[in-house]
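Me: I'm new to this one and would like to learn how to read it. Can you walk me through it, feature by feature?

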Amino acid sequence: MDRLTHTGTFGRRDLLLAGAGLAGGLMLPGLRAASAQGMPAKIGTFPDGASGSSVFIGITTPLTGPYSADGTDAKLGYELAIADINAGSPMAKKWGLSGKGVMGKEVKYGIADSETKPNVAVQAQTQFIQRNKAIMITGSVSSATAIALEELAQREKVLNMVGLSGSNDTTGKNCQRYGFRSQPSAYMACKALGPVVGKALGANKKVAYLTPDYSYGHSVFDSFTAAVKPFGWTVATQQVVPLGTTDFSSALLNIANSGADLFVNIAFGADAVASTKQADQFGVLKKMKLIVPNISSFQAKEVGAPLMQGVYGTFDFWWTMEDQYPLAKDFVESFVKKNNYHPRWGAHIGYMQTLLWAVSVERANSFNPVAVIKALEASKSNPYETSLGKVWYRAEDHQLVRPVPVVVGKAASAMKNPDDFFDVVEVVPGEPLLQPIGETGCKMGSYT
Amino acid sequence: MPSLPLLLSQAFNGLALGTLLALVSSGLTIILGTLGVLNFAHGALFMVGAYAVYVTLQYTGSFLVALLVGGVFMLVVGVAIERVLVRLFYRRPPEDQILVTFGVGIVLVEAIRAIFGGNSQRVPVPSWGEGVTQLGFLIYPTFRLELIGIIALILGLLWVVLYRTSIGLVVRAGIEDAGMVGILGINVRRTFLLVFALGVVAAGLAGMLYAPIVSVNPDMGGSFLVESFVVIVIGGLGSFPGAVVGGLIAGEIISITSAFNSAYSEVMLYALMALLLVVRPQGLFGTEGRV
């Protein structure tokens with residue numbers, strides 16, 4: 001069941017326009033030129049989805065389920081980006097767009113609730129592709145959903161700007177030609193975090209892990225243990241729990257009895273909130289220092305500053321990075337103005353991925369997904385100017401090469417506003433963090 | 001092989017987990033057993049209970065007052081749902097009952113989401129439940145220890161009402177033959193209303209007591225609904241003692257399994273349910289042909 005909160009309807013008039021556009025498009029010299037360069041004239045929803053005065057993007061994001069807090073934040077990011085693009089705002093121009101819309105076309109969109117379930121997301125995006133001729137699909141919280149949507153995108157030949165997804169598999173063994181990910185992979189996040197916590201917390205620690213039982217959880221566990229190995233950190237215990245667990249008491253009892261010095265909590269979203277609360281109640285947080293490799297958007301707000309004080313972790317983006325990047329400042333300010341809170345990284349990914357797609361379309365000068373993919377893949381030589389400074393996609397695995405912020409939780413008394421939960425310890429440059437391409441296991445699919 | 005102290009700790013944790021599961025399931029089984037209605041809004045009512053505590057705490061700051069106010073609130077909710085909707089469905093086929101209660105559940109969840117948003121809300125552990133208690137072989141959260149006692153008390157009260165009072169007698173007679181009980185001049189409808197409200201209060205109370213432990217958000221009820229189903233299938237559909245014993249068994253299975261490997265604890269629970277359905281389809285305390 002998809003709950004559409006906003007849909008661009010594809011009416012009879014659009015159909016006529018599309019038909020006219022299609023007929024006219026076939027005679028355009030530009031298209032012939034494109035096919036001359038090896039671009040297929042017709043692929044996925046192109047050119048049907050791009051022949052009218054507007055294009056449609058399909059967004060799936062969990063508005064219900066354990067990851068709904070992050071999903072709702074992401075939705076607001078997408079909406080802000082689309083509003084900026086359609087208005088041809090100064091922000092959109094700074095990111096590199098030419099004017100109103102994308103190549104002059106208005107962006108329409110539909111948002112469906114993916115309920116934190118891959119099958120629901122795939123079903124909704126399939127509808128967006130078939131009914132609305134979505135020219136781009138995006139949105140996920142949970143790598144399970146992200147990977148399922150990448151497969152759909154590859155099959156349907158519709159570009160997928162991956163939403164929230166931290167698993168290495170997203171740009172590793174499950175990478176797809178039609179999928180691009182902006183969030184740091186678990187490998188990048190842990191490689192950034194490892195040296196910071198190694199230095200801050202000392203060598204030769206025994207570590208207890210709480211791992212959600214799917215692609216993301218295992219990915220973070222593998223990457224984190226590898227990143228802290230140089231510091232002599234060992235695994236005291238790993239407790240694997242299903243996504244959506246509500247009572248972690250038995251796992252926490254094992255952790256409490258493991259003799260560990262540190263507790264690495266990989267659980268995410270509502271699961272992270274519940275497990276952190278319960279870990280505190282079991283006295284685990286008194287005995288062990290907490291580390292959260294990838295902190296959920298609202299975790300600090302939901303468990304309260306005292307529990308997150310001194311906790312190390314990483315984000316895709318933290319809003320105080322506005323001090324460092326001018327475009328981040330613009331993004332944070334306009335988001336706060338519209339939504340009355342500081343954007344979290346879910347919103348940042350929604351905003352960034354939408355704008356990167358729009359800019360890439362204009363660089364390709366076509367909505368043809370093959371041309372856009374080639375523009376994205378060529379971004380190393382022509383990096384994007386973004387809220388994270390200059391970034392580019394690695395052509396071999398479609399991972400965004402971008403800095404990773406390492407943060408530490410602030411004391412409640414040190415907070416300057418209700419959203420001021422973290423200090424950014426270090427913003428680690430992205431390129432040295434990348435997993436060597438041979439290790440990723442990524443085998444790209446075909447363009448056509 | 002895990003050490004003996006760890007196994008003992010997990011066995012104890014299974015008991016604590018089991019009492020919670022028993023309380024969560026009891027509301028579901030009371031309504032199913034007496035009214036024959038499988039209440040799919042059960043998870044949502046559990047969630048509403050947690051929010052009732054969250055809101056009351058904002059104003060009173062006392063967990064006990066919050067429990068009391070929340071309990072009364074759930075009673076009102078239960079009466080309202082029964083009078084307005086469920087009452088009309090007693091004579092309808094089970095699929096209609098499932099659909100209407102499922103719908104009530106969706107409305108409740110979305111109403112809460114509209115009011116409070118999707119983020120988790122913070123419900124602190126009451127001051128009398130803070131900290132941990134040293135039990136010799138293990139350290140255990142004080143609040144969870146107290147919950148075992150509180151829940152045992154609530155379950156005891158429910159048992160007395162259902163099995164040792166004239167109301168309970170009428171309820172059980174009403175199930176056998178509502179028409180005959182009516183002819184005897186007893187108001188069956190009022191009794192049914194009472195039972196439904198009681199089941200709703202039990203669901204709400206479980207949510208209230210669990211609120212400081214779990215993540216309080218609009219979707220929190222879903223997984224508890226599923227777990228309650230498993231528990232009452234194990235214990236026997238509609239059997240109150242079955243829900244209690246089923247809850248304890250489920251708690252022990254989850255806990256003991258995780259002493260070996262936590263990844264398998266849920267799998268083992270479902271495996272047992274499947275096995276039981278093959279060997280004893282009516283569940284441990286269920287009666288064949290009833291419900």
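Predicted model: local features only at pLDDT ≥ 70, side-chain atom pairs only at ≥ 80, totals over all residues.

Me: How many bridges join β11(A) and β12(A), and in which sense do they pair?

Reply: Two strands count as paired if DSSP finds at least two bridges between them. Here β11(A) and β12(A), the latter covering residues 389-393, run antiparallel with 3 bridges. Residues are numbered from 1 along each chain as its sequence is written, chains are lettered from A and ligands numbered from 1 in the order in which they are written, and side-chain values use heavy atoms, leaving out hydrogens and water.

Me: Which sheet do those strands belong to?

Reply: An open one of 3 strands, in the order β11-β12-β13 of chain A, with antiparallel pairing. β11 (384-386) and β13 (400-401) of chain A are at the edges with a single partner strand each, so one side of each has no neighbour in the sheet.

Me: Is β14(A) enclosed or open?

Reply: First, the cut-offs: buried is under 20% relative accessible area, exposed is over 50%, and partly exposed lies in between (1.4 Å probe, protein chains only). In β14 (residues 404-409) of chain A, 6 of the 6 residues are buried, so the strand is largely enclosed by the rest of the structure. V404(A), V406(A) and V408(A) cover one face, while P405(A), V407(A) and G409(A) are on the other, all buried.

Me: Which strands pair with β14(A)?

Reply: β10 (residues 312-314) of chain A pairs with β14(A) in the antiparallel sense over 3 bridges, with T314(A) opposite V406(A). β15 (residues 422-428) of chain A is also antiparallel to β14(A), over 6 bridges, and there P405(A) faces V427(A).

Me: How many residues of helix α9(A) are buried?

Reply: An α-helix has 3.6 residues a turn, so residues three or four places apart point the same way. In α9 (residues 249-256) of chain A, 8 of the 8 residues are buried, including L252(A), L253(A) and I255(A).

Me: And what share of chain A is buried?

Reply: Of its 448 residues, 65%.

Notes:
Helix = DSSP H or I, 4+ residues; strand = E, 2+ residues; numbered from the N terminus.
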